[in-house]
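Subject: Structure for your files

Hello,

The sequence and structure are below, and my notes on them follow.

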Amino acid sequence: MSRDATAQSERDAPVLAASAGAAALVGEASAASEKESAVVEAHPDTYSDQHHRSSSSSGLRGAFGHVQELFRRPGPNSKPANPLRLLRLTPRQAFTFAVACLGWMVDALDFFCVVMTTTELADAFGKKPSDITSAITVTLMLRPVGALLFGLAADRYGRRIPLIVNLSLFTVIELASGFAQNLQTFIGLRAVYGILMGGEWGLGNSLAMEVLPVESRGLFSGILQVSYSLGSLVAAMLYYAVVPHLGWRALFWMSIIPAVVTIAMSLFLKESEVWRQTRQAQRDGARGYGRVMTDMLRQHWLRCIYAVVLMAAMNFLSHGSQDLYPTFLKEQHGFSPAQATIGTVVGNIGAICGGIFFGYISEYLGRRRAIAICAICGACFVPLWILPSTFGPLLAGAFFIQVFVQGAWGVIPAYLSEISPIAFRATFPGLSYQLGNLISASASQIEAALGEKNPLPELRNGKTVPNYGRVQGILIGAIFACVLVLIVLGREEKGRQFGARAAASEPSKT
């Protein structure tokens with residue numbers, strides 16, 4: 001019996017050893033899992049960056065694998081989610097998003113007050129419309145300054161206080177614009193306004209994207225961006241109701257009302273939890289803010305250049321199709337201010353529809369694919385936008401061109417936030433956006449000047465008629481092509497997590 005027991009013990013020894021080894025491996029795996037969880041909890045964005053880069057690189061084949069991905073069909077398990085379910089937010093998420101939307105709408109409202117009153121301002125100051133558009137150019141050129149200043153402040157000190165300061169200063173400048181007595185003073189005020197406008201988008205976008213559920217990001221990206229179109233729509237309606245009766249100055253004075261409401265709401269905002277986590281991770285790692293910025297530029301310089309070039313094309317697309325359009329209707333076609341207002345309203349309704357739809361559908365198609373579809377379809381509607389001589393077809397062209405221009409823009413807030421380096425989610429999207437604005441700052445002035453230098457062959461009331469339509473059509477057609485090329489060459493990180501703790505503390509109601 002003892003020999004049998006000994007033999008049995010020898011036969012069982014390998015099995016027991018294997019069992020012990022397996023148990024040890026399970027223990028190590030469990031410990032590693034707990035350690036990894038701790039890392040994710042302490043540095044959620046860093047882990048997300050590393051994990052996403054790893055998964056992205058393993059799925060690409062060759063240097064242009066990301067280009068091939070653009071032409072692949074969505075996976076069989078990928079389908080559009082119910083938009084009503086995506087709209088369900090917690091009270092804090094809804095309130096934060098509302099403030100972000102209102103801030104961007106208020107900025108657009110004041111910007112389009114100048115666009116809508118170009119003719120009236122030219123008459124008041126004794127200048128040409130092309131001289132007045134220099135105020136638009138100065139505004140756009142100085143927006144990167146605000147994006148840099150307010151973006152760095154938001155990434156270092158939090159989103160809430162810089163946003164309140166920005167909106168408060170903006171209200172003062174908007175009120176003062178209505179008191180300008182000459183073009184030089186007006187342009188000076190618009191220059192300061194440009195700095196403030198440049199800072200607002202990055203602040204509001206970072207607040208909104210960090211608090212929203214990941215699966216709802218595309219839909220709310222579209223809603224956030226069309227707040228700009230909503231501001232243009234409100235400006236057009238105020239122009240129609242106020243300027244013919246009270247003059248252009250009253251338009252600027254009355255437009256501060258929504259700004260005051262937005263400031264009051266922003267006082268009740270809570271700071272972004274994702275920002276708190278990121279800053280705490282930097283403090284735990286004993287890394288100064290200057291070191292973090294240097295590392296970001298060294299690692300992501302190519303991404304920064306790409307974002308700026310893409311935003312330059314997108315801003316040429318937006319401002320080239322919007323800023324001179326009321327003047328195009330009034331000066332080239334001889335339509336009344338009321339009809340020009342209707343054209344602007346119709347275009348902005350198209351913009352709102354397109355921004356929300358393509359922002360939503362980008363969750364299914366992908367960010368780049370949605371933008372590419374907009375670029376192709378938008379180019380097809382350029383002739384309808386500029387060639388008709390009657391009002392009805394021109395309205396149809398204005399509607400559809402803005403569906404696709406702002407449809408592409410509806411994807412941008414989510415796209416830029418997702419490709420942003422982790423510690424610069426206010427600076428990177430805002431600054432790339434506004435540097436693109438700087439490059440495209442002269443879009444309306446170029447269109448106005450070339451249209452005036454190349455008038456229509458016939459005279460109207462003994463005067464030459466600028467051919468704004470031809471210039472706009474050539475520019476917008478070329479820019480649609482540039483956007484398509486850039487978005488095909490780019491990458492995306494749809495669904496990127498911004499912070500584990502933030503996601504846990506702010507779940508969406510499903």
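T262 counts as buried, at 1% relative accessibility, where buried means under 20% relative accessible area, exposed over 50% and partly exposed in between (1.4 Å probe, protein chains only). T262 sits in helix α12; helices (H or I, at least four residues) and strands (E, at least two) are DSSP runs, numbered from the N terminus. Apart from neighbours within four places in sequence, T262 contacts V99, L102, G103, V106 and L167, contact being heavy atoms within 4.5 Å.

This is a predicted model, in which local features need pLDDT of at least 70 and side-chain atom pairs count only at pLDDT 80 or more, while totals for chains, interfaces and linings use all residues. Residues are numbered from 1 along each chain as its sequence is written, and side-chain values use heavy atoms, with hydrogens and water left out.

Helix α12 (residues 256-266) also holds V261, which is partly exposed with a relative accessible area of 45%. Accessible areas come from the Shrake-Rupley method with a 1.4 Å probe, and for residues only the protein chains shown count as cover.

Overall figures

The chain has 23 helices and two strands. Of its 510 residues, 54% are buried. Among contacts with a separation of 6 or more, 86% are between residues 24 or more positions apart. The chain exposes about 21400 Å², of which carbon and sulfur atoms supply 66%.

Nonpolar cores

A nonpolar core here is a set of buried Ala, Val, Leu, Ile, Met, Phe, Trp, Tyr and Cys residues joined through side-chain atoms within 4.5 Å. The largest one has 109 residues, and F111, F186, L310, M311, M314, F480 and V483 have the most contacts inside it. Helix α19 gives the largest share of this core, 15 residues. V483 touches A313, M314, L317, I371 and A375, not counting residues up to four places away in sequence. Another core, of 13 residues, lies apart from the largest one and includes M209, V211, F220 and F498.

Salt bridges

There are nine salt bridges, each a side-chain nitrogen of Lys or Arg within 4 Å of a carboxyl oxygen of Asp or Glu.

D110 pairs with R190, with the closest N and O atoms 2.8 Å apart. This bridge links distant parts of the chain, from D110 in helix α5 (residues 91-116) to R190 in helix α9 (residues 183-211), 80 residues apart. Both D110 and R190 are buried.

R303 and E493 form a salt bridge at 3.6 Å, N to O. R303 is in helix α14 (residues 289-322) and E493 in the loop between α22 (468-489) and α23 (500-505), 190 residues apart. R303 is partly exposed, with a relative accessible area of 22%, whereas E493 is buried at 12%.

R367 and E418 pair with their closest N and O atoms 2.8 Å apart. R367 is buried, with a relative accessible area of 0%, and E418 is buried at 1%. Salt bridges with shared partners join R217, E363, R367 and E418 into one network.

T133 belongs to helix α7 (residues 129-157) and is buried, with a relative accessible area of 2%. Leaving out neighbours within four places in sequence, T133 is in contact with T118, L324, S444, Q445 and A448. The C-alpha atoms of T133 and L121, 12 residues apart along the chain, are 9.9 Å from each other.

Which residues of helix α21 are buried? In this helix (residues 443-453) they are A443, S444, E447, A448 and G451. Viewed down the axis of α21, these buried residues fall within an arc of 130°, so they line one face of the helix. The arc is that of the directions from the helix axis to the C-beta atoms.

Regards
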